[in-house]
Amino acid sequence: MRTEDFLREAAALPGLSGNEQAVARYIADAFRPFCDEVRIDSLNSVIAHIEGRGPKVMICAHLDEIGLMVSRIEEDGALRMRNVGGVDPRILPGMRVTVHGKETLPGVIGAKAPHLLTEAERKKNYDRDDLFIDLGMSADHVKELVQVGDLVQLEGGFTKLLNGRCAGKTMDDRSCVAIMLRAAEALQRMDTRADLYFVASCQEEVGGYGAMTAGYGVAPDFGIVLDVTHARTPGAPALEVCDLDSPAAAMGPYIHPLLRKKLVEVAKEINVKLQDEVMPRDTSTDTDDLNAVRGGVPCILLELPVKYMHTSVELLDMHALTECARLLAAYLAAIEDSWRDELWI
Amino acid sequence: MDLKTLCGIHAPSGDEKRLRRAILEEARKLCGEENVRIDRMGNVLCHKKGTEVGRPHVCVSAHMDEVGFIILSATDDGLLQFRPIGSIDPRVVVSKRVLVGEDLLPGVIGALAIHLQTREDRERVLGYDNLYIDIGAKDKDEALGKCPPGTYAYFDTPYTPFGDGFVCAKALDDRVGCYNLLQLMQSGYPGDVTFCFVTQEEVGLRGSIGAAFTVRPDVCINLEGTAANDLGDVERRDEVCCAGQGVAVSFMDRSSVYQRKLFKKLLALADAGDIPHQVKRGVTGSNDAANYQRAAGGALACTLSVPCRYIHSGASVCCLDDIDAQYRLTRAFLLNA
């Protein structure tokens with residue numbers, strides 16, 4: 001499947017943290033042609049296995065997405081909402097959404113009209129509690145179809161821009177699932193020793209629980225986590241962002257130095273431009289959880305820079321994505337049994 | 001032409017060409033080539049001769065233009081800097097899709113990721129000085145090469161019917177009026193009627209200045225979309241009009257005090273014809289009726305509006321029955337004027 005089609009289709013599917021069934025089924029089907037076994041575990045993580053006789057490696061990118069949940073139905077049928085994961089309330093006014101009630105309901109997020117706001121209110125962003133979801137229905141009809149706790153998915157568009165760049169919902173982190181998929185496909189034509197488990201993990205946006213539980217099941221020797229990182233945008237702190245056009249490799253205490261060194265060597269060998277990203281403490285990715293599974297899993301974190309993370313227009317560079325996949329496949333093919341013995345000496 | 005088609009044509013103030021062409025083609029079919037003209041403000045004026053003499057000359061007007069954006073410059077990183085055309089609250093444009101220029105180049109309006117925001121960033125409204133359209137350009141030269149200063153940009157929102165007979169789309173203000181004008185033009189009336197599709201309402205009621213002077217009607221019925229404020233537990237006193245409760249008849253707004261005689265006549269016709277209607281309970285908003293009322297020696301004027309939620313955003317919401325009510329009341333007036 002073309003990566004662009006995968007991203008477009010995956011972005012449209014609902015997969016809010018904790019309720020990832022639909023997108024998990026889609027991703028499982030996408031991995032099936034390249035894997036010996038694909039299953040979905042009890043929390044909704046997809047585990048796709050390519051058998052090998054070498055070290056057991058878990059490659060992990062999360063499939064869940066941020067969104068909203070209905071928290072209250074007002075007398076007039078307007079819905080109030082709470083976050084599932086870190087949704088920026090600034091993106092919500094005027095956002096088109098899908099409410100997953102008894103039926104799939106299109107809606108739009110409204111706000112108090114500007115002419116009713118005081119001068120001070122106009123200078124402040126809307127608080128999430130000032131906003132509401134409009135379903136274009138009578139209050140009675142809303143109450144019949146919707147209940148508190150129903151999930152609300154943000155607009156799922158996918159837009160192709162200039163220079164192979166594209167923008168859409170859930171590029172965090174389905175773009176990295178796409179990288180795993182490309183790597184799995186490329187490995188069909190490569191010799192590998194390692195025993196590979198590609199995991200599209202659930203519940204990352206609420207705390208890394210999918211990586212934790214899938215990691216327990218897989219019990220890998222090494223972990224390779226893929227997630228998005230921040231590309232430079234106006235107003236961003238210069239030291240905390242990367243260039244958009246190439247992958248980055250995290251470094252710091254949560255990252256295993258030897259596994260990372262080997263990644264840098266492979267990148268050099270196959271001419272992939274790789275940026276360094278220093279993370280002095282936790283990485284806010286599945287790495288933090290996978291790293292502490294069972295007796296510990298040495299991990300590296302490979303990152304795809306995106307602009308506007310946690311909006312519905314997360315923007316990536318397709319060239320950086322394909323380079324990242326090329327690097328991942330080459331790295332997986334390079335893994336040798338001896339790496340296990342070299343880790344701590 | 002259906003409402004979906006009308007909303008899908010991009011026409012911010014000053015850039016109404018595409019919509020003007022589409023309306024012109026339709027109007028020529030309905031009124032005859034010789035009765036349709038374009039004036040020097042770009043308005044499309046369509047005349048229908050009445051079947052009886054001694055009736056007042058009525059003008060029914062709607063504006064073609066919508067709110068949108070215009071490109072000013074670009075940053076070194078290739079992000080387009082822009083301003084709104086018409087009044088768009090900057091808070092509704094964050095994380096939205098747009099199309100830029102004649103070639104409809106796709107773009108997005110992003111914002112600093114929540115992870116990187118300071119407490120101050122979270123509170124402060126991102127104004128137009130800090131919002132950018134990202135078309136994927138690599139640098140300033142590429143961005144301005146594709147989208148030079150003065151290029152228009154448009155909300156990219158699909159037309160979506162939803163709920164109990166509602167629709168969510170861009171440009172409902174005032175494509176609902178344009179739609180009803182085209183519907184009304186399909187039949188003849190006892191008196192002379194001029195249907196005016198005007199330009200540049202959103203940037204200061206400009207197009208109708210010319211149209212009013214040229215047409216000089218006895219009566220003007222202005223068809224609009226107006227801000228509904230009726231959902232989200234709004235205080236009753238703050239409701240201006242409610243979507244789903246019929247066409248809103250105005251007695252006054254920020255630009256006009258309408259003649260009581262005409263206002264009462266419209267309410268009586270709505271009652272008699274069992275047409276769902278409401279009195280607009282607020283004097284907010286300005287519109288083209290002001291220019292018709294004051295042109296030359298003056299005219300009777302009133303505004304009939306379709307209540308429109310989240311007006312001037314990329315995702316406004318109307319009730320289809322209210323659009324029909326606007327049509328029916330205007331038609332009743334034209335038959336009885």
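## Helix packing in chain B

In H5(B), the residues B:Val176, B:Tyr179, B:Asn180, B:Gln183 and B:Leu184 meet B:Ile323, B:Gln326, B:Tyr327, B:Thr330, B:Arg331 and B:Leu334 of H9(B). Contact here requires C-beta atoms, placed from the backbone, within 7 Å; helices (H or I, at least four residues) and strands (E, at least two) are DSSP runs numbered from the N terminus. By class, the contact of H5(B) with H9(B) has 6 nonpolar, 4 polar and 1 charged residues. Ala, Val, Leu, Ile, Met, Phe, Trp, Tyr, Cys and Pro count as nonpolar, Asp, Glu, Lys and Arg as charged, and the others, Gly among them, as polar.

H5(B) covers residues 172-184 and H9(B) residues 320-336; the two pack at an angle of about 45°, with their axes 10 Å apart. Axes are lines fitted to C-alpha atoms, for helices over the stretch in contact, and angles run from 0 to 180 degrees between N-to-C directions. H5(B) is therefore oblique to H9(B), given that angles under 35 degrees count as roughly parallel, over 145 as roughly antiparallel, 65 to 115 as roughly perpendicular and the rest as oblique. The crossing of H5(B) and H9(B) is right-handed (the near helix is turned clockwise from the far one by less than a right angle).

## Basis of the model

The model is predicted: local features need pLDDT of at least 70 and side-chain atom pairs count only at pLDDT 80 or more, while totals for chains, interfaces and linings use all residues. Residues are numbered from 1 along each chain as its sequence is written, and chains are lettered from A and ligands numbered from 1 in the order in which they are written.

## Helix packing in chain A

H1(A), residues 3-12, packs against H5(A) at an angle of about 140°, with the axes 10 Å apart. This angle makes H1(A) oblique to H5(A). The residues of their contact divide into 7 nonpolar, 2 polar and 2 charged.

## Nonpolar core

The largest nonpolar core has 233 residues, of which A:Ile179, A:Met180, A:Val199 and B:Cys318 touch the most other members. Such a core is a set of buried Ala, Val, Leu, Ile, Met, Phe, Trp, Tyr and Cys residues joined through C-beta atoms within 7 Å, buried meaning that 20 or more other C-beta atoms lie within 10 Å of the residue's own.

## Contact between chains

In chain A, 55 residues are in contact with 49 residues of chain B. E7(A) gives the most to the side of chain A that touches chain B, with 4 residues.

How values were computed:
Buried ≥ 20, exposed ≤ 12 C-beta atoms within 10 Å, placed from the backbone. Contact = placed C-beta atoms within 7 Å.
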